[in-house]
Amino acid sequence: MNSALEPAHEPGPVTAEAPSNIAFIKYWGARDLEGDSEGPVPFNRSLSMTLDACRSICSASPLPEGSDDEIHWVQEPAGGRSSAAEEAPPAFVERTKRHLDRLREWSRQTAAPYAGGFRIATGNTFPSAAGIASSASGFTALTLAASACMGFDLTPRMLSALSRSSGSGSAARSAWGGYVEWPDGDGNAAVQILDERAWELCDLVAVVETGAKKVSSRDGHRRATSSPYFAPRLAALDGRLERVRSALCGRDFEALGDAVEEEGIDLHLIAMSSRPPVYYWSPGTIEVLAAVRELRADGVAAYATMDAGANVHVICQPADAGQVEERLVALGSVERVLRDRTGGPPVWRGGAEL
Ligand code: DP6
């Protein structure tokens with residue numbers, strides 16, 4: 001596929017920014033999780049909203065052939081300008097280097113194979129372990145930065161497929177802005193359904209737990225098929241995804257929220273009934289879910305969804321965001337509320353800013 005790909009510009013230092021995303025229909029359960037080629041093959045289609053404020057920023061600079069890759073971690077960089085590079089955790093360094101090897105390998109099928117090293121400095125604009133997919137934005141930013149640093153201009157489809165080869169399935173969806181669907185089976189790239197200007201929604205993340213989750217998404221994916229409810233879930237998903245898609249296209253917020261909340265609970269039903277079971281929720285999760293139901297009883301359209309963690313993403317329309325936030329911050333178990341909304345695609349520019 002990439003045999004004829006020519007570089008579009010000279011290799012050189014660049015900075016890329018890529019958004020995180022919140023899944024309305026979750027990717028949960030996959031084949032080929034260990035494979036080192038094209039990445040995981042999901043059992044079901046997933047659909048997400050790209051976020052705006054929650055992003056990863058990554059600078060990549062070329063190093064001479066034979067140099068080791070250098071990986072630096074930057075704490076919460078503000079809009080691409082930060083300096084305090086820190087010692088990156090070893091597991092992060094290892095995963096990052098493995099993906100850089102994959103990208104060098106990929107470049108061998110192009111017209112400009114790259115054999116040099118990379119100096120990488122990267123960080124997230126949001127706190128890690130806040131229930132926001134940092135690997136989705138992180139691997140997309142890394143893929144975009146490294147490919148642009150090698151001189152390539154990737155299409156969103158290529159960026160999606162290459163980001164997913166990192167092993168983070170949700171990264172496949174961060175290559176586009178707006179609303180994005182990642183097909184199941186062997187289809188390796190996600191596609192955009194609606195762009196970010198089509199409909200602006202808010203995602204208020206009620207942070208009730210900040211520690212790292214005890215069971216990784218990867219282990220959760222592995223265990224998913226052991227749940228007796230996994231087959232019924234797959235059977236119901238086509239219909240639920242269709243409800244989400246048609247609610248998005250028809251801008252029907254109540255219909256959207258209803259399907260999104262049902263799906264958020266379903267993911268955890270599978271996790272809790274897997275063998276061995278995975279409990280991501282904490283008492284704070286239940287408190288926020290109850291508050292969201294109360295908001296609705298009071299006439300405020302707000303709906304909850306959770307990824308593989310205890311924190312709750314509350315989806316609402318911009319006009320209701322202030323009221324929703326007020327209710328969430330007043331809850332005893334909520335440490336903070338991160339306010340986000342529908343966001344655009346990843347971008348890159350020349351120069352290493354981190
Ligand atoms: C629950 O394998 O993409 O967020 O690499 O740990 O971010 P990480 O996870 P990944 O699985 C994501 C699972 C999910 C649902 C989703 O985003 O679709």
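Predicted model: local features only at pLDDT ≥ 70, side-chain atom pairs only at ≥ 80, totals over all residues.
Five bridges connect strand β10 (residues 202–207) with β12, and the two run antiparallel. Strands here are DSSP runs of E with at least two residues, numbered from the N terminus, and two of them pair if DSSP finds at least two bridges between them.

On β12 there is also strand β11 (residues 302–305), joined to β12 by four bridges in the antiparallel sense. Tyrosine 303 has isoleucine 315 of β12 as its bridge partner, and six residues lie between β11 and β12 in the hairpin that they form. Five of the five residues of β12 (residues 312–316) are buried, so the strand is largely enclosed by the rest of the structure; buried means under 20% relative accessible area with a 1.4 Å probe, protein chains only. In a regular strand the side chains alternate between the two faces of the sheet. Both faces of β12 are covered, with Val312, Val314 and Cys316 buried on one side and His313 and Ile315 buried on the other.

Strand β4 (residues 46–63) pairs with β7 over eight antiparallel bridges, and serine 56 stands opposite asparagine 124 of β7. Strand β5 (residues 70–74), by contrast, runs parallel to β7 and is joined to it by four bridges, with histidine 72 opposite alanine 121.

Residues are numbered from 1 along each chain as its sequence is written, and side-chain values use heavy atoms, leaving out hydrogens and water. Local features need pLDDT of at least 70 and side-chain atom pairs count only at pLDDT 80 or more, whereas totals for chains, interfaces and linings use all residues.

Definitions and conventions: Buried < 20%, exposed > 50% of the residue type's maximum accessible area, 1.4 Å probe, protein only.
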